[in-house]
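The sequence and model come next.

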Amino acid sequence: WHPEFFQRLYAALNVPEDIREFGKVYTPVEIASYILTELGYGSRRALSSCLLDPAAGCGIFVLEAGRRIIQAAGRGSETRDLVTANLAGLDNDLTAVCLTKIGLGLLLSREGHKLTAETNFQIHFTDTLDSPREELFPAERGVGSDIKLQRGRYEEGFDFVVGNPPY
């Protein structure tokens, strides 16, 4: 399988009018790979850096970053933990969020890494541009708010923030 499979699947699940109306533009994997390379997100940096895509869509940047982590870490038991701890994505489309999580799972499984019920990819359904409203609605407190407010495990922020370039 190829990461762009999820973009094609997502496009097939949406009518063209919705794609245009909501400004859904997808980055080819070659461009995502080029951007990550130019930023210095290579094998050594991939193992020790946290990356965020604040408008992850179907996860082309997150999947490419995950591929680089797996390539650098190999088949060690810590590889799955590096992928789940060092990659984060936000998107306001639940279908895209689910496809990104499936993609990360397939990427790890294809390389022989076992997923468990506790495997929790940090890809979250939230609107990056909305302010967390947890003061008004405490039930909304979650990881998406933690990322936006740089709280908890995200207090130090991210080493890389990447996303779809303007076309």
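Of the 167 residues in the chain, 42% are buried (under 20% relative accessible area with a 1.4 Å probe, protein chains only; exposed means over 50%, and partly exposed lies in between). The model is predicted, so local features need pLDDT of at least 70 and side-chain atom pairs count only at pLDDT 80 or more, whereas totals for chains, interfaces and linings use all residues. Residues are numbered from 1 along each chain as its sequence is written, and side-chain values use heavy atoms, with hydrogens and water left out.

The accessible surface is about 9,200 Å² (Shrake-Rupley method, 1.4 Å probe). Carbon and sulfur atoms hold 55% of that surface.

Eight helices and four strands make up the secondary structure (DSSP runs: H or I of at least four residues for helices, E of at least two for strands). Their order from the N terminus is α-α-α-α-β-α-α-β-α-β-α-β. Of the contacts (heavy atoms within 4.5 Å) between residues at least 6 apart in sequence, 73% join residues at least 24 apart.

There are two aromatic pairs (ring centres of Phe, Tyr or the six-membered ring of Trp within 6.5 Å; planes under 30 degrees apart are stacked, over 60 edge-to-face, the rest tilted).

| Pair | Centre distance | Plane angle | Class |
|---|---|---|---|
| Tyr41 and Phe160 | 5.2 Å | 90 degrees | edge-to-face |
| Tyr154 and Phe158 | 5.6 Å | 25 degrees | stacked |

Tyr41 sits in the loop between helix H3 (29–38) and helix H4 (43–48), and Phe160 in strand E4 (residues 160–161), so their pair ties together parts 119 residues apart in sequence. Tyr41 is buried at 0% relative accessible area, and Phe160 is buried at 6%. In the stacked pair, Tyr154 is buried at 5%.
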